[in-house]
Structures are given as structure tokens and as C-alpha cells.
Amino acid sequence: MVINIGQLLDQDYEAVLNDIQAVVRSLSAFSHQPALKVILETAMLSKEQIIDGCILSVIAGAQFVKTCTGFGGGKATVEDVHLMKMVVGSQNRVKASGGIKTKKDAEDLIQAGADRLGTSSGVAIVSDRESTSGY
């Protein structure tokens, strides 16, 4: 799910928390318990807002926080991934997504704390080439 950015920017933390918790509750109906990833769209947020989004996601019961959709103009950065991992700790995971085009990009993000990568450049990354993908 994508976090309600408007509510987060307005510091309506109760509404953000309730929104994430509603999705967590809806997933409890599944016997295999799918993992919830809360997409923050980090390029639109300050560092403080990224921290707030991560804290609310953890409190609500999400298993992952994710940098961005890859379509909102942002990309995963080492700084954001590191910050997110520092906040969610080892009990939750960070998914870096958006703009990961090279093996070095992937390695840097994993070193910063990413537990999972979202990329349309997998073949290029494992071939140690730069992707020409537009995503």
C-alpha cells in the first residue's frame, strides 16, 4: 500500500496509523499471511517525515517499508534506505525500489540496509551492465 502522503504531510498521524492498521486487519483473513509493504514515496518527504512514516508503519504491524513506487519521480537512495533501516531495525524490513539500474546501485542499497530490491533491471544487474530501462 502507498502511505497517505497528504495525511502524513499534515501530521495526521492517527489517520495514517488507522489506514495502515485497516490494511493489516484485512490481510489477517488470509491463511498464508501476506507481507504488507508500506510505500513511503521518500522523494516527496523530509527526513523527519520518513522517520514518522517508518514508525507508524511498524506500530501498525506492517512487515516492510518501501522507498517508492518507482513511478512517482523518486528513486531509492542510500541515505533514505539507511535511515529507514535505522528506524525499523532488525524486526522489520526495508525494500528499496526505484532507479536501481546497476550492480553497484544494488550493492550500495543492500549495504545501506535494504532487505529486498525492486527493480526492472535484474538482468542488467546480474550481468553487471547498466540498464536502459525507463523505469
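In which hand does H2 pass H3? The crossing of H2 past H3 is right-handed. The legends below describe close-up views of a predicted model.

**View 1. Helix H2 against helix H3.** Helix H2 covers residues 13-27 and helix H3 covers residues 47-60. Their axes lie 9 Å apart, and the helices pack at an angle of about 45°. That angle makes H2 oblique to H3. From H2, the contact is made by Tyr 13, Val 16, Leu 17, Ile 20, Gln 21 and Val 24. From H3, Asp 52, Leu 56, Ser 57, Ile 59 and Ala 60 take part. Sorted by class, the residues of this contact are 8 nonpolar, 2 polar and 1 charged.

**View 2. Helix H3 against helix H4.** The axes of H3 and H4 come within 9 Å and cross at roughly 40°. The two helices are therefore oblique to each other. H3 passes H4 in a right-handed crossing. On the H3 side, the contact is formed by Lys 47, Ile 50, Ile 51, Cys 54, Ile 55 and Val 58. On the H4 side, it is formed by Glu 79, Asp 80, Leu 83, Met 84, Val 87 and Val 88. This contact has 9 nonpolar and 3 charged residues, and no polar ones.

**View 3. Helix H4 against helix H5.** Helix H4 spans residues 78-88, and helix H5 spans residues 103-112. Their axes come within 8 Å of each other and cross at roughly 25°. At that angle, which is under 35 degrees, H4 counts as roughly parallel to H5. The crossing of H4 past H5 is right-handed. Val 78, Val 81, His 82 and Lys 85 of H4 make the contact with Asp 108, Leu 109 and Ala 112 of H5. By class, 4 residues of the contact of H4 with H5 are nonpolar, 1 is polar and 2 are charged.

**View 4. Lys 37 and the ring of Phe 64.** Lys 37 lies over the face of Phe 64. The distance from Lys 37 to the ring centre is 5.6 Å.

Notes. Residues are numbered from 1 along each chain as its sequence is written. This is a predicted model: local features need pLDDT of at least 70, side-chain atom pairs count only at pLDDT 80 or more; totals for chains, interfaces and linings use all residues. Side-chain values use heavy atoms; hydrogens and water are left out. Axes are lines fitted to C-alpha atoms, for helices over the stretch in contact, and angles run from 0 to 180 degrees between N-to-C directions. Helices (H or I, at least four residues) and strands (E, at least two) are DSSP runs, numbered from the N terminus. Angles under 35 degrees count as roughly parallel, over 145 as roughly antiparallel, 65 to 115 as roughly perpendicular and the rest as oblique. A crossing is left-handed if the near helix is turned anticlockwise from the far one by less than a right angle, and right-handed if clockwise. Contact means heavy atoms within 4.5 Å. Ala, Val, Leu, Ile, Met, Phe, Trp, Tyr, Cys and Pro count as nonpolar, Asp, Glu, Lys and Arg as charged, and the others, Gly among them, as polar. A charge sits over a ring if NZ of Lys or CZ of Arg is within 6 Å of the ring centre and within 35 degrees of the ring normal.
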